[in-house]
Amino acid sequence: LSLSLSLSKMATAVPLVSQLSPETPLHAPKLTSLKSLAESGALTSIPSNYAYSTNPNELVGSDPEDTIPVIDFSLLTSGDSDQRSKIIQELGKACEEWGFFMLINHGVPECLMKAVMDGCAEFFNQTEEEKREFEGKHMWDPIRFGTSLNPKKDKVFFWRDFLKLLVHPEFHFPHKPTGFSEVAFEYCKRTRKLARDLLKAISESLGLEECYIEKTMDLDSSYQVFNTNLYPLCPQPELAIGLPAHADYALITFLTQNEIGGLQVKHNGEWFDVNVLPNAILVNTADHLEILSNGKYKSIMHRAVVNNKATRVSLAVSNGPSLDTIVSPAPKLVNSESHPPAYAPIKFKKSLELLFGPSKH
Ligand code: OGA
Ligand code: NI
């Protein structure tokens, strides 16, 4: 389903797409995770409700010269201003041409990243009964374990289980497995700081004041969501999909995974397999940065495919403005003749309601 956030009269509607449809409450009393189905034994073919057809004309790109840019974060903070402006230029180019880049030397300790990824895997490894305690009943529940997207409504199921947690401005987290919440708290704090620093550089790359995004997006109360996905082995990976093509809704997303690939990114009309460098964080620009940049930095389509070799665990940490922020194109990037506003202002909370349905608050 596509969601158009463009309400402006003069604007050409630019569809901002997400895989998320407005949903009704999830209240399956006995939700079975895909993990238990996939591991239940002799599953040699996928159940028919998982059969997903991708467009056969959409080949996966293979140009070895054309790969996702790498940004060395340490060069942004090294204090050398020439170097900083050079990296800011590269960053702007990465946002404009790919909307995805690998961040290296980002300062988040390797052992912390590993501990968080291990915690995600351990969470999914708990029994059905243990996980059921965290099952989401409503799209806005701050703790929500589930499978597919919404098994009550989905016509085609996605080959994944997920755990979605609201971690800022309030930190909500399952109390099991032991120690997971503590390492995740630290990881969320570090990645919020990283998001802030990157958004400073991104502001500059757009020709805005360094603190423009931080201030206008009210990042002190940024809406941060911790999304972890488990993609079990799939007996017929070419017939199923882990997560269909979508764009992310917030400002920027940080993605990490357990060494197993599966992410594909749309670039110049083709799907590209993403091979993330070890310990790098994959960053992508999302819908509300597209609005703020007046369409200069697009929110890029991506999807997760599955495999029959190894279970994949991914973690996407989504960093948004505060719920009450009204997001609109930066006035400096709008010019009535050459660059008319392509998006009408929208409150972040309202955008989320269009995706997830009315909030309970
Ligand atoms: C997401 C996402 C990709 C992946 O959770 O929004 O795009 O590889 N995940 O799991
Ligand atoms: Ni995504």
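Predicted model: local features only at pLDDT ≥ 70, side-chain atom pairs only at ≥ 80, totals over all residues.
Figure 1. Apart from neighbours within four places in sequence, the contacts of His168 are with Arg192, Asp220, Ser221, Ser222, Tyr223 and Gln224. The peptide bond that joins His168 to Pro169 is cis, its omega being near 5°, and Pro169 itself belongs to the loop between β6 and α6 (180-205).

**Figure 2. The cis peptide bond from Lys176 to Pro177.** Between Lys176 and Pro177 the peptide bond is cis, with omega near -10°.

**Figure 3. The site of the nickel ion (ligand 2).** The nickel ion (ligand 2) is coordinated by NE2 of His246, OD of Asp248 and NE2 of His302, at distances of 2.1 to 2.2 Å. Along the chain these donors follow the spacing H-x1-D-x53-H, and the two histidines link distant parts of the chain, since His246 lies in strand β8 and His302 in strand β13, 56 residues apart. Both His246 and His302 are buried.

**Figure 4. The largest pocket and the elements of its lining.** The largest pocket has a volume of about 770 Å³, and among the 44 residues that line the pocket, Lys164, Val225, Asn227, Tyr249 and Phe356 are the closest to its centre. At least two lining residues are supplied by each of the strands β6 (161-168), β7 (224-231), β8 (243-246), β9 (252-257), β13 (302-304) and β14 (312-319), and by helix α9 (348-356). By residue class, the lining of the largest pocket comprises 21 nonpolar, 13 polar and 10 charged residues.

**Figure 5. The second largest pocket, with α4 in its lining.** The second largest pocket holds about 500 Å³ of space. Its lining is made up of 21 residues, and those nearest the centre are Met117, Gln257, Asn258, Glu259 and Asn279. Helix α4 (110-125) and strand β9 each contribute at least two residues to this lining, with the largest share, 6 residues, coming from α4. The residues around the second largest pocket fall into 11 nonpolar, 6 polar and 4 charged.

**Figure 6. Two asparagines with positive phi.** Asn105, a residue other than glycine, has a positive phi near 50° and is placed in the loop between β4 (100-104) and α4. A relative accessibility of 47% makes Asn105 partly exposed, because that class lies between the limits of 20% and 50%. Asn268 also has a positive phi, of about 50°, although Asn268 is not a glycine, and is found in the loop between β10 (263-267) and β11 (270-273). At 64% relative accessibility Asn268 counts as exposed, because the cut-off for exposed residues is over 50%.

**Figure 7. The protein as the setting of the close-up views.** The fold contains 9 helices and 16 strands, and 54% of the 361 residues of the protein count as buried. Among the contacts with a separation of 6 or more, 79% are between residues 24 or more positions apart. The accessible surface amounts to about 16,100 Å², and carbon and sulfur atoms account for 53% of that area.

Definitions and conventions:
Residues numbered from 1 in each chain as written. Chains lettered and ligands numbered in written order. Heavy atoms only, no water. Helix = DSSP H or I, 4+ residues; strand = E, 2+ residues; numbered from the N terminus. Buried < 20%, exposed > 50% of the residue type's maximum accessible area, 1.4 Å probe, protein only. Contact = heavy atoms within 4.5 Å. Areas by Shrake-Rupley, 256 points an atom, 1.4 Å probe, with all protein chains shown as cover. 1 Å grid on protein atoms, 1.4 Å probe; cavity = no way out; pocket = protein on both sides within 12 Å on 5 of 7 lines; lining within 4 Å. Points joined across faces, edges and corners; volume = space filled by probe spheres on them. Nonpolar A, V, L, I, M, F, W, Y, C, P; charged D, E, K, R; others polar. Donors = N, O, S within 2.8 Å, 3.2 Å for Na, K, Ca; no water.
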